[in-house]
Amino acid sequence: MSYSEFQLLTVLAEEMNMRKAAEKLFVSQPALSQRLQSIEKDWGTKIFNRSTKGLSLTPSGEIISDFAREVMAKREKVLENLQALESEVHGTLKIACATIVGQNWLPQVLKKFIENYPHAKISLMTGWSSEISKALYEGEVHLGIIRGTPEWKGRKIHLFEDSLYLVDKEIKSVEEILTTDKPFIQFKSDSTYYQEIQEWWHRQFQQAPKQSIVVDQIETCRQMVFNGIGYAILPAITLNGAEGNIYKIPLLDHDQQPIRRDTWLLGYDSAFELRQVQAFIEVIEEFKK
């Protein structure tokens, strides 16, 4: 099989949809279908089942698609090693990043990286800390950007810290929370963020909020606060000046010091040897706080 055929099978297995796969591969659906039939003929077995709901892998197809992914991954690794020998920065920079950082801090960094190194490519996934750690451990990415204080035995670089604020359109002091009927809006997180908020809350009030709403994304939480639905505790990274007439009350710890969150860059030593990773580290030095 040629590289393009391995790529075709990998994309089909990822998308499980002929139309989406064709768009990603920049070919027409008939051409994609014809190439798939040719590949299946070469293997002497059916790789995908087709239905109105999309594609599904046959038992044989699972084995073949796994093989295709392995070949693609090995090819990418060889290319990275070859490109590491060159002075020009090529290759794909693979990053797994906390969603909040990917939405608010990372875009400006990646913009600068692309301007400085136009031949390099970027692969970015965002998610929770557990997903980022998993991607690092399994070698799916070169670098991970995580909030909080990660337990990491490899190399790590501190990027920045930001304070936590109680945010609302009407509440001007912490004491007003006891009298308001507005809900406390919280967002789901698998990091230590939730624990820190709970500890602060019980230290302040010794009782649960009168009413609360839990949403799955921090951006949803932010927009609900900005629209006056309720109050929330948000990190400064999400409050970039676009919040208008919003009151921000800094959260203080038991020593009356601002409560802050750290953001770290993690990776294995082998990843830091790659030219595209080294170039990225050089760029983020300009944005560290």
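Me: Is Q278 buried, exposed or partly exposed?
Reply: This is a predicted model, in which local features need pLDDT of at least 70 and side-chain atom pairs count only at pLDDT 80 or more, while totals for chains, interfaces and linings use all residues. Residues are numbered from 1 along each chain as its sequence is written, and side-chain values use heavy atoms, with hydrogens and water left out. Buried means under 20% relative accessible area and exposed over 50%, with partly exposed in between (1.4 Å probe, protein chains only). Q278 has a relative accessibility of 30%, so Q278 is partly exposed.

Me: Which backbone oxygen does the side chain of Q278 reach?
Reply: Q278 sits in helix α11; helices are DSSP runs of H or I with at least four residues, strands are runs of E with at least two, and both are numbered from the N terminus. Leaving aside neighbours within four places in sequence, Q278 is in contact (heavy atoms within 4.5 Å) with F272 and E273. A polar contact is a pair of N or O atoms within 3.5 Å; within protein, one must be able to donate a hydrogen and the other to accept it, and residues adjacent in sequence count only if both atoms are side-chain atoms. At 3.3 Å, the Q278 side chain reaches the backbone oxygen of F272.

Me: How are α1 and α3 oriented to each other?
Reply: Two packed helices are described by the angle between their axes and the distance between the axes. Axes here are lines fitted to C-alpha atoms, for helices over the stretch in contact, and angles run from 0 to 180 degrees between N-to-C directions. Angles under 35 degrees count as roughly parallel, over 145 as roughly antiparallel, 65 to 115 as roughly perpendicular and the rest as oblique. The axes of α1 and α3 (residues 29–43) come within 11 Å and cross at roughly 110 degrees, so the two helices are roughly perpendicular.

Me: How many nonpolar residues does the contact of α1 with α3 have?
Reply: From α1, S4, E5, L8, L9 and L12 meet L32, R35, L36 and I39 of α3. Ala, Val, Leu, Ile, Met, Phe, Trp, Tyr, Cys and Pro count as nonpolar, Asp, Glu, Lys and Arg as charged, and the others, Gly among them, as polar. By that scheme, the contact of α1 with α3 has two charged residues, one polar and, for the class you asked about, nonpolar residues numbering six.

Me: And which residues of α3 does α2 meet?
Reply: The axes of α2 and α3 come within 9 Å and cross at roughly 100 degrees. That makes these two helices roughly perpendicular. On the α2 side, M18, R19, A21, A22 and L25 take part, and in α3 they meet Q29, L32 and S33.

Me: How far apart are the end C-alpha atoms of helix α4?
Reply: The expected span of a helix is 1.5 Å times one less than its number of residues. Helix α4 (residues 59–83) has 25 residues and should therefore span 36 Å, which agrees with an end-to-end C-alpha distance of 37 Å.

Me: Which residues of α9 are buried?
Reply: One of them is R222, which is buried because its relative accessible area is 12%. Not counting residues up to four places away, R222 touches L234, T238 and N240. The buried residues of α9 pack against α5, β6, β7, β8 and β9. They are I218, C221, R222, M224, V225 and F226.

Me: M16 is not a glycine; what is its phi?
Reply: M16 lies in the loop between α1 (3–15) and α2 (18–25). With a relative accessibility of 25%, M16 counts as partly exposed. Its phi is positive, at about 55 degrees.

Me: What is the phi of Q256?
Reply: Q256 lies in the loop between β10 (247–250) and β11 (260–267). Q256 is exposed because its relative accessible area is 54%. Although Q256 is a residue other than glycine, its phi is positive, near 65 degrees.
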